[in-house]
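Biologist: Hi! Could you walk me through this one with me?
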Amino acid sequence: MTITPAEAVTPQDLDHQAHGPLGEASTTAPHVIDVRETGLRETNRILQASDGTGRYLLTGPRGAHALAVGLEKPDEVVIDGPTGYYTAGMNDGALVTVNGNVGVGVAENMMSGTVRVTGSASQSAGATAHGGLLVIEGDAGARCGISMKGVDIVVGGSIGHMSCFMGQAGRLVVLGDAGDALGDSLYEVHIYVRGRVESLGADCVEKEMRPEHHTELGELLDRAGVTGISTAEFRRYGSARTLYSFDVDNASAY
């Protein structure tokens, strides 16, 4: 399941206890947790113990590291403020929204669910993630999608250098620009960039945008809640497949 900005719970929704997930009538009272008062360990314990019908608003995160990690149920969690390292790491089904910026490794090793950042993300966003959807409405730093293994990542701004390094599976969509060495040592990730690419990494090449790629990209933009942008504005990049097996003639490229 994914969630769009129009469907996402807001702090006001939770304060008024008015709606359930995706706008349905709620049968579970929303739970507001002050992270500063409750403590990081206890906050994560409460979230991890949920039965999957919960809706949570976490206030006062104050840049806490490893917040909302290891969630295995389709609960909805809104973090109202900026967070530190590894926010929503190892997520496996939850719908997590961060109203602010995040530090290194947001949604690291995510398996399923949706993580949305309304601000910008530091390095290694979505690192090694196997599934789910990561949406960053602002910019993402270096190594966005490093070693991604099936996750879909949509970035509303630009991304830093070495993004999608050793990307194995999944899709990366960038509405802004991409830094140096995009897709270095790439495997089978589909990369779509709307803006300028500083340079391509080893074995990454521009590829034709065929009809099936326009369809794929359009579906990803819809899932991320992006409107008013044509798929014709993007260019596609992927692996040239010359580094799959070692060849001494390509030794300098490894």
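Modeller: Happy to, and bear in mind that this is a predicted model. Let's start with aspartate 184, which touches Met162, Cys164, Phe165, Met166, Gly201 and Ala202, leaving aside residues up to four places away in sequence.

Biologist: Where is aspartate 184 found?
Modeller: Aspartate 184 sits in the loop between strand E8 (169-174) and strand E9 (190-193).

Biologist: And is aspartate 184 buried or exposed?
Modeller: Aspartate 184 is buried, yet has no salt bridge.

Biologist: Which side chain of opposite charge is nearest to aspartate 184?
Modeller: That is arginine 143, 9.3 Å away.

Biologist: Changing topic: how many aromatic pairs does the structure hold?
Modeller: There is one aromatic pair. Tyrosine 85 and tyrosine 86 form it, with 6.1 Å centre to centre and 85 degrees between the planes. The pair counts as edge-to-face because the angle of 85 degrees is over 60.

Biologist: What about the accessible area of those two?
Modeller: Tyrosine 85 is partly exposed at a relative accessible area of 43%, and tyrosine 86 is partly exposed at 39%.

Biologist: Now the backbone. What is the phi of alanine 66?
Modeller: Alanine 66 has a positive phi of about 55 degrees, although it is not a glycine. Most residues other than glycine have a negative phi. Alanine 66 lies in the loop between strand E2 (55-59) and strand E3 (76-80), and is partly exposed at 28%.

Biologist: And methionine 90?
Modeller: Methionine 90 has a positive phi too, of about 60 degrees. Its place is the loop between E3 and strand E4 (92-98), and methionine 90 is partly exposed, with a relative accessible area of 45%.

Key
Residues numbered from 1 in each chain as written. Predicted model: local features only at pLDDT ≥ 70, side-chain atom pairs only at ≥ 80, totals over all residues. Heavy atoms only, no water. Helix = DSSP H or I, 4+ residues; strand = E, 2+ residues; numbered from the N terminus. Buried < 20%, exposed > 50% of the residue type's maximum accessible area, 1.4 Å probe, protein only. Lys, Arg positive; Asp, Glu negative; His and termini not counted. Salt bridge = Lys/Arg side-chain N within 4 Å of Asp/Glu carboxyl O. Contact = heavy atoms within 4.5 Å. Phe/Tyr/Trp six-rings, centres within 6.5 Å; stacked < 30°, edge-to-face > 60°.
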